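Me: Hey, I've got a structure open and I'm a bit lost. Can you walk me through it?

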Amino acid sequence: MKQLEKHDYDIFVKELAKIDIPHEHLEESHRKSVIRFQKEKRNRQRIWKSIAVTCALLLLFVTSIRVSPAFASTIAKIPGFAPLVEMITFDKGVKDILHNNYYEELGLSQTKNGVSFTLQGVIADETGMILPYTFSAPFDVHDLATKKMELRLNGEVLPAGISYSWYSEKETSLIEDKFVASFNNPINYDNANFELYIQFADEKQTEFTIPFSLKKPIAKTKSYVLNEKMSFEGQQITIKSVSISPLRTGVTIALDPHNDYRILGFDDIRLLDEKGEEWTTINNGITATGDFIDGEATFFMQSNYFREPKKLTLSIGKVKALPKGQDFIEVDFNQKKVLSKPPLPGLKVQVNKHMVTINVPTSYENKNIGLLGTAIDANGETVYSNSASYHRPDEYVIEQTETYNMKGVVNPVRIYFSHYENFLDGTQTIDIPLK
């Protein structure tokens, strides 16, 4: 480009001077830009304040439920909140789940034959699911039973244990509770499409199939292999591993086959962090898998998954145990006779053609617990239970009636205790290597 001549430069300046610059419009545009920027800044601040307030309210909500029975009672009366209130009240791990926004809301509803069923949401991890729900009808549903229930994955029934209870002592048109599913093995959540199937035992056999899928990522289980031994009055156990997922902590324990006593379980098993905060056994839902008859079982506790403790200690005490040979009753269903029972204080046993009723003394207040476990017939085959019911004749006695499927059963049958309040002395602890 050639250099600009003086004559041309003067002409260029004059032409520029003729242009009318809209100073007022420029100032207005500048003013509007500043206002818009400030408005957007305030909006962003409001959004973050809203998020902060929501988180604070959620924390306050969760904390208030745990410390104030009156507040919990009030919130539980709001439709859809009762299952969450119950979970928060009895399980600190669920409180952490809600605080960390791990709960996934669904709100899926169907109505058939006058019955409305709503799947409120889901908490899912590699070990299982919690599925809060409500169902209602324009008639009394307090004792409406189910005929069939399944949790399906991509059209196939999941091998999972499902616990639930919605029985109400008084008439009601609304039931709010939760299903607790425990998977036999971890499942693959990639491209997972679930269905909750439930069939009621009403006259019309009302059934619901609720499809759902999950959008939030599934948290990976933290696993720690230990193989540490503990001893209680000479009875040896091995803590094989501890696995911590959002829903529950699993402690897998194996028994020494040379023990003189058969260990039934633990009334005091807990995790403690460096501050002394405790996570104890689960009050509602599935509390264990496996059977100590087979020498190994996994016990479930509340989860501290969303915490980052500097130290974690497993403490076990109040070990329930009975001498081997005194850890079962033997009955003949055909003769309706109790052939043998251990000399345990207060133990009463009755038997008829397919039922056994057992009474044992208890120190538990207002708590029913399963007394009987694995049943084995004369051929060494497992005898399966169809149903169990519990009763408290008085506040210091638990009564359990177990009904068995007697098809192909060869008498006599040995029924092993799963609970008896005979405790071994001592409490043992081990540290879990977090790193």
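Predicted model: local features only at pLDDT ≥ 70, side-chain atom pairs only at ≥ 80, totals over all residues.

Me: How many bridges pair strand E4 with E8, and in which sense?
Reply: Strand E4 (residues 146-153) pairs with E8 over 7 bridges, in the antiparallel sense. Strands pair if DSSP finds at least two bridges between them. The strands (E, at least two residues) and helices (H or I, at least four) are DSSP runs, numbered from the N terminus.

Me: Ok, back to E8. What's the bridge partner of leucine 151 there?
Reply: Leucine 196 in E8 is the partner of leucine 151. Leucine 196 also has a bridge partner in E9, isoleucine 210.

Me: And how do E8 and E9 run?
Reply: Antiparallel, with 6 bridges joining E8 to strand E9 (residues 207-212). Their hairpin has 6 residues between the strands, and glutamine 205 takes a positive phi near 50° in that hairpin.

Me: Why is E8 called largely enclosed?
Reply: Because 6 of the 7 residues of E8 (residues 194-200) are buried. Buried means under 20% relative accessible area, exposed is over 50%, and partly exposed is in between (1.4 Å probe, protein chains only).

Me: New topic: helix H5. How many of its residues are buried?
Reply: 7 of the 8 residues of H5 (residues 92-99), so the helix is mostly covered. Among them are Val94, Ile97 and Leu98, and Lys92 and Lys95 are buried too. After H5 comes asparagine 101, with a positive phi near 55°.

Me: Where does asparagine 411 lie?
Reply: In the loop between strand E24 (397-404) and strand E25 (413-417). Asparagine 411 is buried, at 16% relative accessible area.

Me: What does its side chain reach?
Reply: The side chain of asparagine 411 reaches the backbone nitrogen of phenylalanine 333 at 2.9 Å. Leaving aside neighbours within four places in sequence, asparagine 411 is in contact (heavy atoms within 4.5 Å) with residues including Val331, Asp332 and Ala378.

Me: Last one: what does the whole chain's secondary structure come to?
Reply: It comes to 5 helices and 26 strands. Of the chain's 435 residues, 42% count as buried.

Notes: Residues numbered from 1 in each chain as written. Heavy atoms only, no water. Polar contact = N/O pair within 3.5 Å; in protein donor to acceptor, adjacent residues only side chain to side chain.
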